[in-house]
Amino acid sequence: MAAGVWRNLAGLAALAIALGVAYALHHPAPPEPWRPAELQTIRSLALDTPPPLPEAPGNAVADHPLAQRLGHRLFFDARLSANGLVSCATCHQSTRRFTDGLPRAVGVALGNRNSMSLVGAAYSPWQFWDGRKDSLWSQAASPLESPIEHGASRTQLARLVADDADYRRLYQVLFGAMPPLPQGTDEVFVNTVKAIAAYERLLLPGETPFDRYAKSLQDSGSSSSTPSPPPAEASFGHREIAGLRLFIGKAQCINCHNGPLFANHEFHNTGVLPAPGALPSKGRAEGVHLALNDPLNCLGPHSDAARKPCPELRFARTGDDLVAAHKTPSLRNLAGSEPYMHAGQLGTLADVLRHYNRAPNAVIGHNEAKPLNLLPYELKRLEAFLRTLDGPLATESEWLVAPE
Amino acid sequence: MKAWVCALFLCFAAGAFGQPGAAVLGLGAAQPSASGLYLVSFAPNLEPLAINQMHSWVLRITDAQGVALADAAIEVSGGMPAHDHGLPTAPRVTAYLDDGQYLLEGMKFHMAGAWELVVDIQAAPGKDFIVLPLTL
């Protein structure tokens, strides 16, 4: 036959192969069965109802319904700021998974840090990217008095609570007689932020497509390890299964993003570059000392913890290897909470996955992550899996909007 | 005849002090330290061991003959060799209980996998250590 015919045939063959490969990458083959150890790991990640909340021994009203109500009002109240424009909800917006969609928060001025999601924050023994607070209530005190966030003072806030009829009433039911001000300022301020924390404890992650998939594996019995999802769970297909397999295997995400919150709440340096123009953050290396010296910590005079066991604080690790180590955030409800990392350095999930794939050298300290050498199609599968961790909050809707 | 009686007495004595390596109820089997100076057994109060939970252990330290030691200075370190990192907390012995038992508080594991706990012991017999492997 003529050379031209062979060339055409070769071209067609190459095209067919290319199309085949593209199809195969986009539609993974039916998956291998899960091994028993993998099934156990998947089970450890799943939740259908939120796990029991840890106790908050430092906050006597942490689970009190009236404190939740008072905290709810305070959370959405912009009078808790220097200019009357900034409330907690300004940076922790319920429509954006309680973040604000910005790289760094904007309160009365531009902040230094990416607003962290409050969903499930009650499960973490430490708060802030650098872990400088050891409870939700002591964390709430910080932005209120920060000159760049709310710009308020405890004097102003105590006055506000004392002078507002509704606040005063709720306060006195919960905490007894309002002390005279300004002598009682600290007491009123601390009680106020404890009420805010009681509200925040209500913000909990709900069931997601991944959780339903994990449940279906369990329901079908341990004898059946076929990973194929039931027909009802349309949003968890073979791509997502392939992504899950990478998550608990080759990509090693589960080393830090483990448990039903997909976070170990510990501190890791993963080589994230400082925000442009900013000095590198010292992270937990500095944060742990701030926590240990914080007058509002578990061992301090404002904590309600009787006998002060405070194990997290008493046995907290210090050390230079914590330089630039930041808190592992939960991977639940990531969509709508970009950008990511402590100063919003990574704009999309794809950027985050590329970052972990490369595992660049850290600017300070030592990057704990190693390069993964995943191919682009594998990163896409991981991303598809991460998107199955989104679901409605397990929080009644009245708490997710400003109170009347 | 005298040798016989002595041998019998020694067996009896050994029985009275406890066999090296035998388990005490509630703790695992006693394991020898690196240079054999001590026998160490332990029990976490978290059963089964799980990640991301603060918990405490009881460590029991005896000498090589199984005699409980009350005055040991104990330090704990460790980590995950495969991941080249240490423990996430700074656990320490906070109390001596009784019968060679020490309360080790502040234990936590933040990842599943192979861990090692290194227990450094200093008491009358001398300085020694033991590496306790654990898999979560």
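**Entry 1: helix α3 of chain A**

I looked up helix α3 of chain A, which spans residues 65-75. Its buried residues are A:Ala67, A:Gln68, A:Leu70, A:Gly71, A:His72, A:Leu74 and A:Phe75. Buried means under 20% relative accessible area, exposed means over 50%, and partly exposed lies in between (1.4 Å probe, protein chains only). An α-helix has 3.6 residues a turn, so residues three or four places apart point the same way. I then checked what the buried residues of α3(A) pack against, and found α4 (88-91), α7 (165-175) and α8 (185-200) of chain A. Contact means heavy atoms within 4.5 Å. Helices (H or I, at least four residues) and strands (E, at least two) are DSSP runs, numbered from the N terminus.

**Entry 2: what I am reading**

This is a predicted model, in which local features need pLDDT of at least 70 and side-chain atom pairs count only at pLDDT 80 or more, while totals for chains, interfaces and linings use all residues. Residues are numbered from 1 along each chain as its sequence is written, chains are lettered from A and ligands numbered from 1 in the order in which they are written, and side-chain values use heavy atoms, with hydrogens and water left out.

**Entry 3: chain B overall**

I counted one helix and nine strands in chain B. Chain B has 136 residues, and 40% of them count as buried. Of the contacts in chain B between residues at least 6 apart in sequence, 57% join residues at least 24 apart.

**Entry 4: strand β2 of chain B**

Is β2(B) enclosed or open? Seven of the seven residues of this strand (residues 38-44) are buried, so β2(B) is largely enclosed by the rest of the structure. B:Tyr38, B:Val40, B:Phe42 and B:Pro44 point one way, and B:Leu39, B:Ser41 and B:Ala43 point the other way.

I followed the partners of β2(B) next. Two strands pair if DSSP finds at least two bridges between them. Strand β1 (residues 31-32) of chain B runs antiparallel to β2(B) and is joined to it by two bridges, with B:Gln31 opposite B:Val40. These two strands form a hairpin with five residues between them, and B:Gly36 in the turn has a positive phi of about 80°. Strand β3 (residues 55-63) of chain B is also antiparallel to β2(B), with seven bridges; B:Phe42 has B:Leu59 as its bridge partner there.

**Entry 5: the four-stranded sheet**

I traced an open sheet of four strands in chain B, ordered β5-β4-β8-β9 with antiparallel pairing. β5 (85-86) and β9 (126-135) stand at the edges with a single partner strand each, so one side of each is left without a neighbour in the sheet. Seven bridges pair β4 (residues 73-80) with β8 (residues 114-123) of chain B, and B:Gly79 is partnered by B:Glu116. Between β8(B) and β9(B) I found 10 bridges and a hairpin with two residues between the strands.

**Entry 6: where the chains meet**

Chain B and chain A each give 16 residues to the contact. The area buried between them is about 1,300 Å², with 50% from carbon and sulfur atoms; buried area is the accessible area (1.4 Å probe) that two parts lose on being put together, summed over both. The interface has three salt bridges, a salt bridge being a side-chain nitrogen of Lys or Arg within 4 Å of a carboxyl oxygen of Asp or Glu. I looked up the salt bridge between B:Lys108 and A:Glu266, at 3.1 Å, N to O.
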